[in-house]
Amino acid sequence: MSMSFKHIVVLLAFSMTSHMMFSQQKERTSSYYDVLGEMGVSFALPLAYGQNFLSEAYTTDIGFSLRGMVRVDKNWLLGANFGYFGAEVSKVEQVGNMDNTSILHLHALVAHSFLKVESNLGVRSGIGPGYAKYQHRLDRARFKDTAFSLLAFIEVSYRLGKTVGLLLNFEHYWDFLAIDSAPSQNNFFRRTQIFSPSIGLKFYIL
Amino acid sequence: MKYAFSVVLLMITITSCHLDYEDNQRLLIRGAVSDVENAPFADVSVEVYASGNFLAPRLFIPPFFGSLKNDTDLIGRGTTNNRGSFEITIPSPETFGVIFAIVNDEESSLYKQDHTSILLNEINAIEPNSLVYTLPKFELQKIVNATFIGTRSENNSDTIELRLQYPPIQKMIDFSNIEGNSESELLFEKLLPEENSTNIVFKTLQHSVVILSYKRINKGIVEEKEVEISANSNTNRYEYEF
């Protein structure tokens with residue numbers, strides 16, 4: 001039984017395709033096995049800017065950011081981000097008297113890794129929608145302002161060992177608050193921008 | 001019965017016993033301060049408070065309910081600008097209570113000793129327009145040391161009982177009762193027989209009018225009179241001859 005040229009070509013093509021698919025599968029299995037996900041915790045120094053109540057009538061305190069992400073593809077991750085920082089009123093006239101204010105953010109995230117996820121040096125960028133809560137305390141009363149929020153971040157990490165690494169994180173929040181105020185103050189109270197650089201540790205889930 | 005008791009117990013427990021504030025809401029208070037010549041008064045402190053009386057629950061102590069307790073919070077603070085106007089943002093009180101403000105408070109570091117303090121009571125009685133309370137313009141009058149000199153030239157055997165009614169150095173404007181804001185200070189004095197004059201020193205507002213009421217007594221009331229007296233604007237003296 002002699003094979004025609006056509007049969008040889010089909011066989012070769014099948015062989016090459018199978019080999020490529022097997023290699024890819026092997027690579028994927030190995031990548032998934034190496035890093036399944038990651039968690040980062042970092043201390044943040046948030047800076048509010050723009051013409052809004054947070055930048056003009058508050059001083060922001062140190063805070064922290066907690067991020068967990070799961071790898072869903074070669075260079076793509078999904079996760080969530082929690083951010084917290086405190087703030088003190090510096091101009092009572094503009095916002096009212098509060099004993100203290102805590103600002104919490106919770107976001108869902110999609111992130112892209114520009115380098116191999118398992119490489120020592122990691123560069124990631126991500127974005128996601130979320131919720132912000134500005135919790136105020138005045139004497140024994142607690143009340144809040146809430147917001148729809150967007151988060152974008154760029155993160156540079158360096159893996160020190162199999163499961164631990166260092167993290168340098170630049171986050172940016174856009175908060176769209178639901179505060180009802182005098183018409184002349186609507187722009188002042190309804191949107192804040194916060195740039196939050198942070199440094200911390202990253203833990204890799206293998 | 002057991003259910004009803006539980007509900008009552010729960011209601012007592014959750015009864016708010018302090019001021020609370022609306023989420024996602026701010027109010028704005030606007031106003032202006034001038035001197036008696038209608039010139040703007042800059043750098044005057046304005047402090048805004050919320051206040052209310054609340055039931056203090058005392059569980060397990062019959063009859064369960066405690067007394068009413070007052071809760072007052074400083075909710076906003078500001079100063080007048082070069083045009084004499086102020087805008088103060090405050091959180092919006094949720095529970096029943098009053099919003100009041102003190103202009104030129106004695107406790108403030110910007111307190112102007114020689115000018116009156118004004119209590120603006122029940123600001124929330126004004127109807128807010130788009131979350132803005134617009135207050136009328138207030139005059140910050142000067143406080144002076146005034147003297148009343150009463151003399152008599154005849155009837156030395158009479159006793160004169162006199163009463164001076166004059167504006168206090170701290171003013172109150174109650175927005176829930178705008179007509180009835182004429183509180184005044186009272187001073188009583190007696191001019192005995194053989195005394196020809198009396199001097200009374202008191203603090204009042206510059207250029208204010210005092211009301212003198214007196215009775216001349218000599219084996220019964222001989223004369224009873226009430227007069228309004230204006231001050232000598234240079235010496236702040238009120239003089240009257242009986």
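Modeller: Start with the layout of chain B. Chain B is divided into domain 1 (2-139) and domain 2 (143-241); such bounds come from an automatic or database domain assignment. This is a predicted model, where local features need pLDDT of at least 70, side-chain atom pairs count only at pLDDT 80 or more, and totals for chains, interfaces and linings use all residues. Residues are numbered from 1 along each chain as its sequence is written, while chains are lettered from A and ligands numbered from 1 in the order in which they are written.

Biologist: How many residues of domain 1 of chain B are in contact with domain 2 of chain B?

Modeller: 13 residues of domain 1 of chain B are in contact with 11 residues of domain 2 of chain B. Contact means that the C-beta atoms of two residues, placed from the backbone, lie within 7 Å.

Biologist: What classes are on the domain 1 side?

Modeller: The side of domain 1 of chain B that touches domain 2 has 7 nonpolar, 4 polar and 2 charged residues. Ala, Val, Leu, Ile, Met, Phe, Trp, Tyr, Cys and Pro count as nonpolar, Asp, Glu, Lys and Arg as charged, and the others, Gly among them, as polar.

Biologist: Switching to the two chains. How many residues does each give to the contact?

Modeller: Chain B gives 23 residues and chain A gives 22 residues. On chain B, strands S1 (21-34), S3 (65-79) and S4 (85-93) each supply at least two residues of the side that touches chain A. Strands are DSSP runs (E, at least two residues), numbered from the N terminus.

Biologist: Which strand has the largest share?

Modeller: S1(B), with 7 residues of the side of chain B that touches chain A. That side divides into 10 nonpolar, 7 polar and 6 charged residues.

Biologist: Now B:Asn104. Why is it called buried?

Modeller: B:Asn104 is buried because 24 other C-beta atoms lie within 10 Å. The cut-offs are 20 or more for buried, 12 or fewer for exposed, and partly exposed in between, counting other C-beta atoms within 10 Å, placed from the backbone. B:Asn104 lies in the loop between strand S5 (98-103) and strand S6 (117-121) of chain B. Its phi is near 60°, a positive value in a residue other than glycine.

Biologist: And B:Ser130, buried or exposed?

Modeller: B:Ser130 is exposed, with 10 other C-beta atoms within 10 Å. Phi of B:Ser130 is near 50°, a positive value.

Biologist: Last one: where is B:Ile169?

Modeller: B:Ile169 is in the loop between strand S9 (159-166) and strand S10 (170-174) of chain B. Not counting residues up to four places away in sequence, B:Ile169 touches B:Thr116, B:Ile143, B:Lys203, B:Thr204 and B:Leu205.

Notes: Helices (H or I, at least four residues) and strands (E, at least two) are DSSP runs, numbered from the N terminus.
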